[in-house]
Amino acid sequence: MAPIRHTFHRNADAETVAREAAGWIVALALEATARRGRFSLALAGGSTPRRVYEIIAADFGEKIEWTKIHVFFGDERCVPPDHADSNYLMASESLLARVKLPAENIHRMIGEGDAAANARLYEDELRSFFNDAAWPALDLVLLGLGDDGHTASLFPGSAALAEQGAWVAANWVEKLKAFRLTLTAPAINHAARVAFVVTGGAKAGVLAQVVEGPRDPRQLPAQLIEPRGGTLDWFVDEAAVAQIRDGAVD
């Protein structure tokens with residue numbers, strides 16, 4: 001496989017990052033729905049993408065044929081959907097409940113109950129959606145980057161990092177003393193496009209390690225993200241790329 005090209009969409013601050021990312025996502029959705037009649041994306045959880053979702057709802061909500069959009073999730077905490085920690089709740093408040101997206105087009109990871117059973121259920125749902133293909137072919141997977149190098153719920157040292165066959169894993173995260181549901185790295189890498197949204201100086205060091213440092217995916221799981229299409233998109237602000245060497249960022 002050829003080396004991954006890291007394409008940086010660089011902006012001055014977090015708000016302009018969110019606005020560019022929102023416009024980029026919408027452009028992909030409009031192109032896919034016009035060409036193929038469907039657009040599938042997996043949303044990232046956490047705090048960083050919330051503003052992206054809010055902008056899509058507020059500025060583009062009436063421009064998208066939501067009946068042709070299918071929303072999945074890259075990971076989920078093992079909590080009910082109305083829990084403050086739920087990725088689904090965040091996405092619902094910021095985007096899903098604010099647009100005309102049919103309920104059947106929202107593919108929630110079930111957080112409550114047995115994690116292993118819920119991972120199997122979600123993989124079954126993905127396999128049905130993608131007609132039992134060898135791997136899911138999501139149009140877009142959005143990701144965040146933790147300050148420990150994790151992405152989705154692929155945490156340093158966790159068992160799911162070695163997964164080569166499953167699409168979805170119930171991943172025990174020792175430092176959290178909890179299971180997380182997550183798409184596996186191979187499932188993410190088979191998406192047509194994969195994009196990280198990373199902002200703030202607190203992420204500068206880990207971002208530089210992931211992009212430029214020695215390969216050590218057991219400690220920096222984000223290094224496992226190597227899309228088969230060959231390009232990995234990064235939506236970043238100046239603070240986040242401050243430690244990447246001059247000339248390495250578009």
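Predicted model: local features only at pLDDT ≥ 70, side-chain atom pairs only at ≥ 80, totals over all residues.
A residue counts as buried under 20% relative accessible area, as exposed over 50%, and as partly exposed in between.

The protein contains six helices and nine strands. Its radius of gyration is 17 Å, close to the 18 Å that the globule rule gives for 250 residues, so the protein is as compact as a globular protein of that length. Along the principal axes, the C-alpha atoms fill a box of roughly 45 × 40 × 35 Å. Of the 250 residues, 54% are buried. Among contacts between residues at least 6 apart in sequence, 76% join residues at least 24 apart.

Charged side chains number 25 positive and 33 negative, and the centres of the two sets lie 2 Å apart. Side chains of opposite charge can pair when their charged atoms come close. The structure holds 16 salt bridges.

One of these joins Asp139 to Arg36, with the closest N and O atoms 2.4 Å apart. The pair links distant parts of the chain, 103 residues apart: Asp139 lies in the loop between α4 and β5, and Arg36 in helix α1. Asp139 is buried at 12% relative accessibility, whereas Arg36, with a relative accessible area of 41%, is partly exposed.

A salt bridge also forms between Arg193 and Asp233, whose closest N and O atoms are 3.0 Å apart. Here strand β8 supplies Arg193 and strand β9 supplies Asp233, 40 residues apart. Arg193 is partly exposed at 28%, while Asp233 is buried at 1%.

Arg215 pairs with Glu226 in a further salt bridge, at 3.3 Å between the closest N and O atoms. Elsewhere, salt bridges that share partners join Glu15, Arg19, Arg51, Glu54 and Asp59 into one network.

How values were computed. Residues numbered from 1 in each chain as written. Heavy atoms only, no water. Helix = DSSP H or I, 4+ residues; strand = E, 2+ residues; numbered from the N terminus. Rg over C-alpha atoms; globule rule 2.2 N^0.38 Å. Buried < 20%, exposed > 50% of the residue type's maximum accessible area, 1.4 Å probe, protein only. Contact = heavy atoms within 4.5 Å. Lys, Arg positive; Asp, Glu negative; His and termini not counted. Charge placed at Lys NZ, Arg CZ, Asp CG, Glu CD. Salt bridge = Lys/Arg side-chain N within 4 Å of Asp/Glu carboxyl O.
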